[in-house]
Amino acid sequence: MITASGSSAQGLGDYSSYGRMLRLKAFQALSYGGKLNKAHFLKAPTILSTLSRPRLPPVLASFSSVSAQPELQEPASVPAPPPPYAPDIETVLSYHERTKHSFQKYADGPHGLDWTNQPNPFRRYQGLSHVPLRHYPLNMSPPDQMAYSKAFTGFTDVQILSKAAVSQLFYDSCALSAWKKAGDSLWSLRINPSSGNLHPTEVYFISGTMLGLHDKPFVAHYCPKEHAFEIKGEIPYDLWVEMKRDLPNDVVFIGLTSIHWREAWKYGERAFRYCHHDIGHILGAISMAGIGIGWDAILVDGWGNDALDHLLGVHDRKTITPGSPQKGQYPELEQEQAVCLVACFPGKRKVNWGFRSTTEPIGEVTGGIVPSEVVARTVGPRMSQARWQGRASQLSTDHVWWDIIDKVAAASRKPTAPIPVFTKPVPLQTGLTSIYKPYTLREVIIRRRSAVTMDSKHVLSMDAFYQILSKALPSGPGAEVQGETAQFPFRVLPWKSEVHLAIFVHKVAGLSKGLYFLIRNSEHEQSLQQALRPDFTWHRPDKCPLTLPLYRLAEADCEKLATQVSCFQEIGGAGCFSVGMIARLDVVKEKGAWMYPRLHWECGVLGQLLYLEAHAFGVSATGIGCYFDDPVHDILGIKGKEFQSLYHLSVGAAVEDKRIAGLPPYPAPKSKDTKPPEPPLFK
């Protein structure tokens, strides 16, 4: 029996025979009404390929150089970003090919799961005390809190920078949402979803002096189990002032790090992909939580990985000696790698002067250079001398080392390159906002769950389907041209959209079953039509809003097909619709290897939005990381590597498992001899 956890170290076998078979079946399904009978089923092979895997070339990591400079100086001119480094690009593209699932074999992973060494999802820094944050459960929310239907219209009820605002920002983005109990098993859920509920991301808060938190600029580690901070280190005051240059005065930062081992424990080599999906989900969660307090959030992507390592105190990592056994005690695998930094600040707010009202541009950023050249040069040497406190807690006793993850992580590091930063106007909202359920924004955020099983008979309304896709547009539902990331939560990203949606429509009232496509960047439309199957119709579906770039490619019943390409998971075809996120991978060649994880971030942000939209209509969703990569491409007719599928997600009505009891997130329940449940076989 084939499992998603993979087999022994095997290479990508000859795919041609299965590719030809799939193309034939996909053509039959999409061209002849999609009547998939038993003769059309796509069977997985019973014997895995035993071809050896080709070795990747050595990684030559590209880092920015930061010269030692004890005092801050005036910045010089902003240097041009370095050109893409070809060996790193080859490394990440080879990794992508190597970690594809196919009918012949799954990407390399563990043969089984070592439950005694499942990584602890909660990291603590031993020796540090908690600084408790305020709790904001739903039953304490004010009666006039923001409705979800109005959440995308702009910044209202803007809160000033305070411990209370920061507490709610974290409570609604990174905290626990519930505990679940079934028999002797007890496990937690979080606001942000995670592959296998393993949560590889650690979250940090960087701020100036704040009443009730700390009396100096500081870096704090967030503890979701307790909803509290651990003050890990302090920032020199003059460096903090320079960090804020060209940003709103009330700015604070959220830093994200990743522990690849948490995902690799279950998913092996493919874990790097899932770690960065999780980064995207948290970015989306931060952006949506900010709406509730009237704050904006933007990714300050000029900060490179090396500078972030020093800022967050996760530098000086140790490496495993090449040639070491794959299994052993490797605390090096539990080290964190800094990933990105988000600037958060109050948005534009209306001020009543008595005789007139005006809007203060306190939340505007108009081309400021972030980080400044001074910070880029000095943050490394200055923060490496900081007094970092606490010792990171151990997550597992024994480990399995997937060295390809270390290689692709090194190759995809981004050099620090100060770049202009802008905030964007909130786009005009159009559509049928009145058809949402009468939920508040916080109700949707906190009650979000990942469906395990879906009701195969539930039908989604056409209006709801179109409204969900309108919210999935980066530039807003009223924009004539798509691409600019201006709508929540996509506005957190500084680049134009590179991800589109291939949609299997299963059960949407008034719409033909079949394969559809949503173009999220108008500049890619022509290249997409050239890359996809030439016999697709590109027909505008009935009653589709004029500004929604949605096309029906072919009519067919694709439920079985969607199930089969989702690693035979029924949830892929049992919902109302499922999506494949098709990214323009050529941007990696154009900009650099560091864009590879960022494409996964965009997929994660998009996935977070789809989760929330589904719940706002009273249904659910679940992310699907286990899918057969090239069979999906064959269905679409993609033959080259310009566009690739990076993430899948299914939307439908969840079937409740009444054997599982729900408990409030705080305080954490106390139970003896409880153990985490076995996660489902597939992600």
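Me: Which residues have the most contacts inside the largest nonpolar core?
Reply: Bear in mind that this is a predicted model. Its largest nonpolar core has 133 residues, and those with the most contacts inside it are Phe 229, Leu 283, Phe 465, Ile 503, Leu 550, Met 581 and Val 588.

Me: And where does the largest share of this core come from?
Reply: The largest share comes from α16, which supplies 13 residues. Apart from this core lies another one, of 31 residues, and among them are Leu 128, Tyr 204, Val 365 and Val 375.

Me: Back to α16, then. How do the axes of α11 and α16 cross?
Reply: Helix α11, residues 462-471, and α16 have axes that come within 10 Å and cross at roughly 150 degrees. Since an angle over 145 degrees counts as roughly antiparallel, α11 is therefore roughly antiparallel to α16. The crossing of the two helices is right-handed.

Me: Which residues make the contact?
Reply: On the α11 side they are Gln 467, Ile 468 and Lys 471, while α16 contributes Leu 609, Leu 610 and Glu 613.

Me: What does the side chain of Gln 608 make a polar contact with?
Reply: The partner is the side chain of His 281, at 2.9 Å. Leaving aside residues up to four places away in sequence, Gln 608 touches Ile 191, Pro 193, His 281, Gly 284, Ala 285 and Arg 448.

How values were computed
Residues are numbered from 1 along each chain as its sequence is written. This is a predicted model: local features need pLDDT of at least 70, side-chain atom pairs count only at pLDDT 80 or more; totals for chains, interfaces and linings use all residues. Side-chain values use heavy atoms; hydrogens and water are left out. A polar contact is a pair of N or O atoms within 3.5 Å; within protein, one must be able to donate a hydrogen and the other to accept it, and residues adjacent in sequence count only if both atoms are side-chain atoms. Contact means heavy atoms within 4.5 Å. A nonpolar core is a set of buried Ala, Val, Leu, Ile, Met, Phe, Trp, Tyr and Cys residues joined through side-chain atoms within 4.5 Å. Buried means under 20% relative accessible area, exposed over 50%, partly exposed in between (1.4 Å probe, protein chains only). Helices (H or I, at least four residues) and strands (E, at least two) are DSSP runs, numbered from the N terminus. Axes are lines fitted to C-alpha atoms, for helices over the stretch in contact, and angles run from 0 to 180 degrees between N-to-C directions. Angles under 35 degrees count as roughly parallel, over 145 as roughly antiparallel, 65 to 115 as roughly perpendicular and the rest as oblique. A crossing is left-handed if the near helix is turned anticlockwise from the far one by less than a right angle, and right-handed if clockwise.
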